[in-house]
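Hi everyone, thanks for coming. Let me put the structure up, and then we can walk through it together.

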Amino acid sequence: MVCQDVHKALAEWLKRYEQVCVIADEAVRVDLPYPTLRIKIDESVKSLETVTEIWDFLFAQDMTRKGLVIAVGGGVLTDLAGFAAATYKRGIDYINIPTTLLAMVDASSGGKTGFNYHGLKNSIGAFYPPVETIISTEWLKTLPAHEFLSGFGEMLKTGLIDNGQWTMDNGECLWSRLLQYDLDTMPLDTLAPLIEQCVAVKEHIVQADPRETGLRKALNLGHTFGHALEEISIQYSEVRNLMPHGYAVVYGLIAELYLSVVKLGCPKEALQQLTQLMLHYYGKPQCKCSDRDQLITLMQHDKKNERAAEINCTLIQTIGHPVINQEITPEEASEALEYLFSL
Ligand SMILES: NC(=O)c1ccc[n+]([C@@H]2O[C@H](COP(=O)([O-])OP(=O)(O)OC[C@H]3O[C@@H](n4cnc5c(N)ncnc54)[C@H](O)[C@@H]3O)[C@@H](O)[C@H]2O)c1
């Protein structure tokens, strides 16, 4: 739920539990009167060690199976706390209170939890949805601009797959409403209804296909190329900043919209609109044409692939009409990357 007052929204839930523990991102101010574990967050702490730290904290509090965990933070924190809750004493209830835009529109709903293992992102995890997700845009007042833009990248993806069936508002589609949003000033009042719309799209899709056997793959638009770009940026991270997840998704969307135009005859307009937005706000990806072979190998090993060495993508026919399970040849992938790097 999107709300003004987190404490009020929580109050109803708190009545139902004998015991409550809070797992919070150190970057946010949390004033809940319960035992709290604060964790300094970056992607490197998305590990088994941190999950163990959360389990140990819950054991130290003698948390029973009837207790409630409240996870307050960005996607790293909610994925970790969700996994710890999924596995502690075979599963206890948890509530997500996302504090980044990305966690609000994506990570904190849908039930995917987990951590990185053997250098592979989210390679250990469980589907375990929170009993509630409480969203307030108030948290975003302290969020750095690049984190805001990262979350907006996932919103753009949602705009490209939403056909208005679940969320049509004033007859205007989500994609055009997102394009009208003022990214220079990032106003929170006009953002809230857009967040609500993105969450509604995700929830409808997840409800229809909780275990990602079909329709849910639509949510992977931009992520086949995006994940490979994100992985490669990890290798560069000693010399450059890590590419935020939502930036990688925007670059991935450009490559996949390019393929949507070439392979499925998607009108070029969305690709042009997104390219403009990328150049203005996100900048060009910090990869080189010479990274192409490595990116293709990474895509061939994507955990979403059903067959070894294939590249599997979601593309779109038009805005709001995703087409899942599109097989891409290495030559096509190379052409899409060449397009992206030429911008
Ligand atoms: N479970 C899912 O379905 C799903 C979906 C998408 C992404 N994810 C995961 O989410 C993670 C990325 O999440 P993220 O983008 O929220 O990053 P994040 O959790 O790393 O947060 C980004 C940074 O912002 C800080 N922060 C958080 N809230 C803040 C606030 N209100 N003010 C100031 N700083 C704040 C954090 O401490 C961190 O340094 C990735 O690990 C990704 O795999 C999960």
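Here is one to start with: which side chain does Lys-112 meet in a salt bridge? The partner is Glu-212, at 2.7 Å from N to O; a salt bridge here is a side-chain nitrogen of Lys or Arg within 4 Å of a carboxyl oxygen of Asp or Glu.

A quick word on ground rules. This is a predicted model, where local features need pLDDT of at least 70 and side-chain atom pairs count only at pLDDT 80 or more, while totals for chains, interfaces and linings use all residues. Residues are numbered from 1 along each chain as its sequence is written, and side-chain values use heavy atoms, with hydrogens and water left out.

Now the domains. The assignment, which is of the automatic or database kind, gives domain 1 (6-143) and domain 2 (146-342). Their centres, taken over C-alpha atoms, are 26 Å apart. Domain 1 brings 18 residues to the contact and domain 2 brings 27, with contact meaning heavy atoms within 4.5 Å.

How much area is buried between them? About 2000 Å², with 67% from carbon and sulfur atoms; that is accessible area (1.4 Å probe) lost on putting the two parts together, summed over both. On the domain 1 side, Leu-101, Val-105 and Lys-121 supply 30% of what that domain buries against domain 2, more than any other three residues.

And to come back to the salt bridges: the count between domain 1 and domain 2 is three.
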